[in-house]
Amino acid sequence: MASTLVRPSNGRMIGGVCAGLARRFGMSPNKMRLIFIVSCLLPGPQVLIYLVLWVLMPSER
């Protein structure tokens, strides 16, 4: 498990949020993206949370 939550500079698809979360929790980025897509089929604020994380998560330098 990585110690910090950052958006990686490589391996991004859109904003790097799923890649950063996957790195933090020791998962593959594609698995995290799949979880996000499936969660969007359920009612809730998933897209809003993604946008907030995109703004709040620092970018890796």
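The model is predicted, so local features need pLDDT of at least 70 and side-chain atom pairs count only at pLDDT 80 or more, while totals for chains, interfaces and linings use all residues. Residues are numbered from 1 along each chain as its sequence is written, and side-chain values use heavy atoms, with hydrogens and water left out.

The chain has three helices and zero strands; helices (H or I, at least four residues) and strands (E, at least two) are DSSP runs, numbered from the N terminus. From the N terminus on, the order is α-α-α.

The C-alpha trace spans about 35 × 20 × 20 Å along its principal axes. Of the 61 residues, 28% are buried, meaning under 20% relative accessible area with a 1.4 Å probe, protein chains only.

Helix 1 and helix 2 pack against each other at an angle of about 120°, and their axes are 8 Å apart. Axes are lines fitted to C-alpha atoms over the stretch in contact, and angles run from 0 to 180 degrees between N-to-C directions. The two helices are therefore oblique to each other: angles under 35 degrees count as roughly parallel, over 145 as roughly antiparallel, 65 to 115 as roughly perpendicular and the rest as oblique.

The table gives the residues in contact (heavy atoms within 4.5 Å).

| Helix | Range | Contact residues |
|---|---|---|
| Helix 1 | residues 17-25 | Cys18, Ala19, Leu21, Ala22 |
| Helix 2 | residues 29-40 | Pro29, Met32, Arg33, Phe36 |

Methods
Buried < 20%, exposed > 50% of the residue type's maximum accessible area, 1.4 Å probe, protein only.
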